[in-house]
Amino acid sequence: MEEEIHHYVEAICIASEPSQSHLHQQAFEYLSNLRQNANETWRLALTAFTDMTSEGHKYPESVRFYSLRLLDEFFDNRFEPLDEDSFRTLQQSLISYVQSEYVYGSAESNASYLRNKFSYTLTLFFLCTYVEQWPTFFTDLFSLIRLPESPSQPQFNRHVSLLLFHLISEISGEVADQTIKSARTFNPVRHTRDSRVRDAVRERDAPLINEAVLTIIVDGTERLAALRKTTTSSPELSEALEIVDWGIRTFGSYAGWIDINLTITPITIPLLFSLLPDPNLAIRLATSTALLRIIAKGLKEPEDKLQLIKVLALGQVIDVLESKTRAEQVARGSNEDEGEESYREALGRLLNVLGLELSKLTEVECEKPEVATDATRLLEQILPVMLRFMSDKYDDTCSTVFPLLQTILASYKRSRKVSTDPLEESKRSFLVSLLQVIMQKMKWDDEEDPSDLDDDDFSAFETLRKDLKLSMDAVFTIDQDLVTNAVRTLSLQTLSAYSSGMSLNWNDAELAVYLVYIFGEIVKTGGKGRAAFCIAPLVPKEKRREVDYSEYPLTPHGEMLLALVQSGISAFPHRLVAMQFFETVARYGDFFKIRKECILLTLEAIVDARGLHNPDSTVRSRTYYLFHRFIKESRNDISEELAVNLVQGIRDLLTIRVDLPTLDSPDDDLLAEAIKNPGLFDSQLYLFETLGTLISLVSKSPDQQASMLLSIVTPLLDELSSNLTAAKGGKDPIPILHIHHSIMALGNVAKGFPDYPSPVPEGYCLPSLDVFRQVAQAILSCLEAMNVFKDVRDATRHAFARIIATTGSSVTHLIPPLMANLLAQFEPSELVDFMNFIGLLIHKLQNELFNVLDELIGPLSAHITQLLNQPVTGTDDSVEHAETKRAYLTLLTNIMSSDLHDIFISDRNKATFEPLLISMSRLAEDISDSSSQKSAFAFLSRCVQVWCRPATAADGQAQGVPGFERFVYERLVPTAFVVLSSPQFNIKDGQMMVVLLEIGNFLQIVCKTRGQEARDFFLSAFLPSQGWPPDTAMEFTGKLRDLDNKAFRKYFADFVRSSRSQYSS
């Protein structure tokens, strides 16, 4: 044993000292092996922990701590009784240790972590042995606590008392704390063991434990009172405080799971209430937690819970303490005391739980009307206290009562649903007060500068506002007028005060604007669009532009928005007020369609130094987007003259600035990081798009429009030209970024123009096509020179997509060289974007893209097929594989739906037609990817419709591809039934059900396209070969022929479900 212990101690010392690297791993493996075999090695750990010499403990603290961990391993996984010898050895050793270290020693005074660890280890031993082997555990421990009586000394051994408190707290946590239990993987054996221990403690020792804990607490409080009369700081005072603190914590730990008659007595109630306002913070917090657990304890009978609440009279106590602590808070002023605020939080949580328990009692009205009536009365008494907590200046304290508030409002909403009577005056009064509190809590602290807050604090306040708005939403559901009047009154009064020249705090101004901003979210009833802001008759959509909505009265929200714009509050000298104004006007674009005179006032505010020209870059960045959004909503009401003036007013903002980010690692690619984090340019793109929109409004003056557009794009084209030579080398990222940004900006200018119509209506004013051709040619020239750079290729795809959307076929002649340059330098990651780009071109250009696709589809299909056939090696690879497959199928479907399918059978591609179909049939068989399966069958259905039509009577020639029907019968139809019969095809899975319906659609298309030939094939050849009975084959073929698509899909799903059910049984 000595040699084993020597090795054991040496291994722990080596493992604790990383510098001994050559032995470090061996030591860890040795110790890990000991822990894995704790059933055999626990004696080693017990000896190392408890062995003593004349000078104290034999082994160092690190060894003893690890020994406790090894004992934990032994106890924690043991659910059967120990053999008698092992039990006696452990019991005697641990009791002897307690006697020597706690009764007569210093209780590990030099290593408090050992003291805490030992209490946990002893708890685990207790759980293993209490029920069957050590029923006298608590009696044996209590015998060590009492000291010889002395008038100047405590009656109880402090060390043993604290050990007892820690033990009981640990035991409560293990057998009754749901938080601890839910953190573990559920073990039914452990669950049963813990339940048996809990029941045994209740039956045997709960009264004794409770009496011991309370006796020690009472003794401690008496000593504490005596010591406080003579000293404010002494070791004895600290020891007494620790005893009372831990005593109350312990009492609270078991108050929720032992008999309520033990915890609520003529002794405990006065004791708890005397400690709830104790000068010591820790004692106050522990007491509030204990009371919370008592209140939250489940009782079978509602009358018992109501009686408990009445006996405690906690509502009155908390009322007094809230007033007292609030007065202290006010007296402290700006000197924050986190400890005292945590006490107010604890009181808030206590009131919250009290209110929730009362709310439950109010719901037993049918069974226990007297209980519900009394509970309602008590609940109403604490509502004003709840509102005072809600109005606390600290948000953490405010939010403690949110669960209670939501419960009360939910109860009010239920009552309103079943009754049309007017709201009771008491409830109405409460809701009025609540709305005032909510609106005041939505206000920023006037002494706080939001720009100085970190992201977490700013986000926390935004979250609080959202939570408060949810409560306002609930009140609106209960009584709409209350919320409307409260928000309208506060907003209009504040805006009126500002417009009349009164001085306002910035946070009051911001709150008024914020309330206008959220009011549209709160109002869930009433009209949408223009009807949300004015009371007007219903007008057909096509005639709304002819109606003068200024004649109609405004809704409350319309009044607030009008006051907002006319007040001039956007000029308030605080960044947050102006930003909230811009957010609000951008959100409610429909308002400006009924009060068009407000557009100019709003645009002046956005464009000048309050918004787009603000010296603060964060304001400019956000306002670029909000300006874009406002113009997009109001474009039909902006005159050509105003559009020209706006363009002139923002020309100075168009200079593109390249921002280089700070790299986290020297290995990072500066160019790639700069593209990912473009700084202000990302928002500036909205400005370029808005410019396009504004220039497009000057459509009645084509020459002026062309001149304006040219004046905007020329500096960008010059930027391309001036940076091209420097960028070719690739060493300096700045010229490359200038080119990338300029191409993106040009694309966004085009994006601001409306899409090219097809067909072009009579009198339509086309955009400046010559200018856009010039832009497209310049971008293509840049691409030809710089196609080695992926970022330039990405930007070019973006720009051409927008230019083609705006100009239609005007730049079609540039597409072949565009494709050639995009594909000349190609990375796999670009494949999905490239196919999406092709899909967009197909949508816009249709037949004009035929020659390009004819040349492209063969190599592209071969490349993708090769890519999809490669093995998947990881998660990223799997995601890329799936995205490529989906994009490819989408592209093929777009080609078929746009009647460009002849490219597949052209002279250039006909040799690859059958391999393409085989590839599609393989995708259709792949049950692991239901989405792609569905798309593949949809593509094959379209193929059947196009190429499988039978010969016509007129010329006797087939309308499709000769022999294609054989491929359908021999390959595609069997594929469909192979999928349906696969064991992996789970019809209960929603995605696979979609595949099943697509297969049904495919089979019906085959039948309807080929007619009687297909029906004969199913009835006489295919279905018999699959072992179908003749009558079933006859029924199925008949349904395939006679039912419409919707009815057949339903029949088919039921048929497959029934067939698989019979097969499995």
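This report looks at a few helices and the nonpolar core of a predicted model.

The model is predicted, so local features need pLDDT of at least 70 and side-chain atom pairs count only at pLDDT 80 or more, while totals for chains, interfaces and linings use all residues. Residues are numbered from 1 along each chain as its sequence is written, and side-chain values use heavy atoms, with hydrogens and water left out.

Let's begin with two helices. Helices are DSSP runs (H or I, at least four residues), numbered from the N terminus, and their expected span is 1.5 Å times one less than the number of residues.

| Helix | Residues | End-to-end C-alpha distance | Expected span |
|---|---|---|---|
| Helix 27 | 575–587 | 18 Å | 18 Å |

Helix 27 is mostly covered, with 11 of its 13 residues buried (under 20% relative accessible area, 1.4 Å probe, protein chains only). Its buried residues, among them Met579 and Phe582, pack against helices including helix 23 (455–478) and helix 29 (617–634). In helix 42, the buried residues include Phe937 and Trp947, and their cover includes helix 40 (875–897) and helix 44 (990–1010).

Next comes a helix pair. Helix 17 (residues 314–332) packs on helix 18 (residues 338–362) at about 155°, with the axes 10 Å apart. That makes the two helices roughly antiparallel (angles over 145 degrees). Contacts (heavy atoms within 4.5 Å) involve, among others, Leu321 in helix 17 and Leu347 in helix 18.

Finally, the largest nonpolar core has 354 residues, of which Tyr8, Met472, Leu1003 and Phe1036 touch the most other members. Such a core joins buried Ala, Val, Leu, Ile, Met, Phe, Trp, Tyr and Cys residues through side-chain atoms within 4.5 Å.

Notes
Buried means under 20% relative accessible area, exposed over 50%, partly exposed in between (1.4 Å probe, protein chains only). Axes are lines fitted to C-alpha atoms, for helices over the stretch in contact, and angles run from 0 to 180 degrees between N-to-C directions. Angles under 35 degrees count as roughly parallel, over 145 as roughly antiparallel, 65 to 115 as roughly perpendicular and the rest as oblique.
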